[in-house]
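The following exercises are meant to be worked through with the sequence and the model side by side. Each one sets a task and then gives a solution in steps.

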Amino acid sequence: MTHLLQKVAAGLLLAGSLSGPAMAQDGMTIGLLVPTSGSEATYGQDMANAAELAVEEINAAGGILGQQVSTIVGDDACDPQQSVNAASKLASSGVVGVVGGYCSGATLPTLKIFADANIPFVITAANSTQLIPANSGNAFMINSTGNDQVAKALEFFNSKNINTLAIVDQGDAYSQDLANLTKQRWEESGKTVATTETVNKGEQDYSAVVTAIRSANPDAVFWTAYYADGGLLIRQLRQAGYQGLIAVGDGSNSPELFNIAGSAAEGVIAFSNPTAEFLPNAKSFVDSYTAKFGNAPGPYAPLTYDGTKLLAAAIEEAGSTDAAAIVEALKKANFTDGLAGDISFTEENTLARSNFIVLEGKGGAWALAE
Amino acid sequence: MIERSPINSPMGRLQGLWDRPGFRWPALAVVLILLVVAPYLFGPYATVILTNALLYVVLALGLNVVVGYAGLLDLGYAAFFAVGAYTIGIVHHVYGLDFWLTLPIAVLAAAVAGVIIGSPTLRLRSDYLAIVTLGFGEIVRFSARNLDITGGASGISGIERPWIFGWRMQSTLDFYYVFCVLAILAVIASLRLADSRLGRAWLYVRHDEDAAEAMGIDRVKVKLAAYVIGAIYGSIAGAFFAVNLGAISPESFSFQQSVLILMAVILGGMGKVPGVILGAFIVILAPELLRDVGELRLLVFAAGLLLVMLFRPEGIWPSRRR
Amino acid sequence: MALTDIVLQQLVNGLVLGSFYALVALGYTMVFGVVKLLNFAHGEVYMVGGFAGFIVLSLVSGTLGSGWSGVAVSMVLAMIGVGFLGVLIQKIAYQPMLSAPRLSILITALAVSLVLQNAVLGLTGGRYVPFGADLGFGGVNLGNLFISYNQFILVGTAGVLMLSLELFISRTQYGRAMRAVSIDKDMCRLMGIDVNRVIAVTFFLGSGLAAAAGTMAGAYYGSLWYFMGFLIGLKAFTAAVIGGIGSIPGAMLGGLILGLLESFGTQIPGIGSAWKDVFSFSILILVLVFKPTGLLGRSEQERM
């Protein structure tokens, strides 16, 4: 019986550890909602690193409101159910605000949690237009949304005299949203969508889709999903002899695309948020990031760095850690210290300007197009 | 097979104690009290995780009717979960019917789905049944992803919370208690089912189909009943899951989800209600407790799973009536 | 493209995809035939096979180059190495469970698959690993139809492997023993057959074939990923069941049929790539409703 009691007691202790870290006694904590496990872990780690670097600089400059700042990571694994758990964990650790959000599908269900817990949330990567109506006012999107991306893409396709387009997505929230939006706007502008295709993540063999695309004979193929399967699709399109333009959305702006697609990625166009190598202000950021973490910052590092600094500035502006005051300060933000450009928000809490740039694959890396 | 549950192991001793009424009722009272006070003891994060565990208790008990009671392998149970969630998402959210009026529709839809999946396939051997259920599960998920009415891959969000007697279920705490009630109802229903006429019929069919048939049991009817009852559990869980999260998307109803629920059933010990409850808590709590292990937490979880099954091949709380 | 070109091209696509499915499905069906176990870790064995081939290739590419000769050597060595891994998995996770309820073994199989997946995830950091083979893009052009040399070699190799397996099973002593064990294990024991050894050989062969498929996939598609075994495992299981689980020609047939269903499903208007899996699963269910043992399976009395 004593054995049993010991076991029960041990179980209770274990359950006690579920209640998460105690509230920060002094100083304040910023939550990071990023995927640090699963298939998108490299992006998530990169975002966490960038936020950590920003916090280090903030602390060196005296902290926020005179208090030192620490971070706590909630791993959403790019999975909607796990992200709910991770967000609840952050919400109950007494964070003053949350920065992050990479996968739109995993970010969507967390909006309600942060709204209920009354926590300001700066979304630094996820940009599906589905996030906009689900936002109850405490979330701020500092990456341009799908609407801006589609506008940029259409402008580019028109400049290249593209008339028929094949649109391929991956059946997830982000890429399906971008594909639907593109299809709608493209048809509204009087052009033809030759075919729309959906592939499954991790399928490897896209030959049947490639044949379906070739038989529809489009001027351009637009891949709206992530780099991993995109790399394989591009490779198989080129191997099968497709000669037209291939463009990819911002989920595929990773340099990893060149590892997977090889030489087939030459000349591929990407619509992308500004990445560190193309930002004139980011030189010292790249240096200190590389010195600290041993690799170059990835595509969402600058935005996450900016998002963390933006949140800090808003708390300073609000003069307290009161959530309503911080949200108010964010709404009125006119942040000009960003690596990726100035940040101010629309009525819908989305970035007031489009930050999309056009990249082209050259010699196994991205370069500015035109 | 009694010798397979070692009486001397701690779990075996606990099981032995459990069978004594003098222990069982006080223990139950303690568990109930713990359930009620847990949110105050462990805080809001634990409340969310425990709510999730209770959801899995309902799901696992539902699948247990199919797998544990009737002995039918089902690899697509998440389909029923999806039917419940999407019925709420569509009829309640999109068409604005009251939640409590939608709930019976969800139950009916799941029962119909159970008959549709069950009737053409129940004559199949169990391995074939496994793949057919897997196929149905995937068909449901792909349809939810491709159709407009289900909101495509983004699913349906902003689902309104239900009112009951002028009180609105809203906070995580509210939903924790809602799921407590659901889990308790599921437990009572499962226990009563096991001891019912139908429960005994399942036992016969599970052990010897031919003999059961010779005894005058209509095996197809009996198996179909298991499917339909399991489907109803799943759809009720799905309905409350939808209003709790407020957002549903096809990814929540994947093959991995079906496997996780099945894991809860088998890990705890098929057919036994306490075992299934234990299994549900383990599959939800273990990965959360291992969060601090970081990237390798699933590796540790899987290795633990392997060890548990090697040492207790019939589950942690196996059935003694075999 | 003209309609005939499209049909022929999709036929080629389906055959290539089907060859992969068939090779992996064989492992499912052999193991099922002999020990009545749904080896859910088999997709992960394919994945590990791909990585094993990658490691061998990076070791031998200095001397043999990274063309087909290098890939062939890596494939053979990966098959042997991963074959032993299969035997090891069987000894650790399945052998002690043989007297347990069958569903419990399902969980150990799932646990093994999670272990393999997460171990590789840990080692690769979740990144895609370029396979590093250099096979060239050459091929035969027949009007609009294009068949690469790689596709010929791939389908040919798969054919040779399957033929050798068929010969092994029908002509050798081990093959006969495997067939005998699949019918009645206890009787075999009484007849003096070393049943455990036969089971080990079965796992060796099944895992070896999966490794061959994994290595070829790496070389053909160009990259490897820790999660690449999941979908193909699911599909190969489906293929094995369509053909009739436990039947070796059935697994080959099932693999090819599933590959063709998917490629033509993608092309047919009204189905398309978004619905192609719904299409193939529906066909699967129809097949089983009308032919409950799969296309080439034999009926047998069931004991749970």
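**Exercise 1.** How many residues of chain C are in contact with chain B, and how many residues of chain B are in contact with chain C?

*Solution.* The model is a predicted one, and contact is judged here by C-beta atoms that lie within 7 Å. Counting on each side in turn, 37 residues of chain C meet 38 residues of chain B. The next step is to assign the chain C side to its helices: helix H4 (102–124), helix H9 (228–243) and helix H11 (272–290) of chain C each supply at least two residues, and H4(C) gives the largest share, with 13 residues.

**Exercise 2.** Describe the side of chain B that touches chain A, beginning with the residue counts and ending with the classes.

*Solution.* This contact takes 24 residues from chain B and 32 residues from chain A. On the side of chain B, at least two residues come from each of helix H1 (10–18), helix H2 (21–69) and helix H11 (273–289) of chain B, and the largest share, 7 residues, belongs to H2(B). By class, the side of chain B that touches chain A comprises 12 nonpolar, 8 polar and 4 charged residues.

**Exercise 3.** In what order do the 7 strands of the open sheet of chain A follow one another, and which helices lie across its strands?

*Solution.* Reading across the sheet, the order is E7-E6-E8-E9-E10-E11-E12 (chain A), and the pairing is mixed. The edges are strand E7 (192–198) and strand E12 (365–368) of chain A, each of which pairs on one side only, while neighbouring strands are turned by 25 degrees against each other on average, direction ignored. At one end of this order, strand E6 (residues 164–169) of chain A pairs with E7(A) in the parallel sense over 6 bridges, and A:Thr164 stands opposite A:Thr192 in E7(A). Turning to the helices, helix H7 (residues 146–159) of chain A lies across E6, E8, E9, E10 and E11 of chain A and runs at about 150 degrees to E10(A), whereas helix H8 (residues 173–188) of chain A lies across E6, E7 and E8 of chain A, at about 165 degrees to E6(A).

**Exercise 4.** Locate the two domains of chain A and characterise their contact.

*Solution.* Chain A is divided into domain 1 (11–144 + 279–331) and domain 2 (147–272), whose C-alpha centres lie 31 Å apart. Each of these domains contributes 10 residues to the contact, and the side of domain 1 of chain A that touches domain 2 of chain A has 3 nonpolar, 7 polar and no charged residues.

How values were computed
Residues are numbered from 1 along each chain as its sequence is written. Chains are lettered from A and ligands numbered from 1 in the order in which they are written. This is a predicted model: local features need pLDDT of at least 70, side-chain atom pairs count only at pLDDT 80 or more; totals for chains, interfaces and linings use all residues. Helices (H or I, at least four residues) and strands (E, at least two) are DSSP runs, numbered from the N terminus. Ala, Val, Leu, Ile, Met, Phe, Trp, Tyr, Cys and Pro count as nonpolar, Asp, Glu, Lys and Arg as charged, and the others, Gly among them, as polar. Two strands pair if DSSP finds at least two bridges between them. Axes are lines fitted to C-alpha atoms, for helices over the stretch in contact, and angles run from 0 to 180 degrees between N-to-C directions. Domain bounds come from an automatic or database domain assignment.
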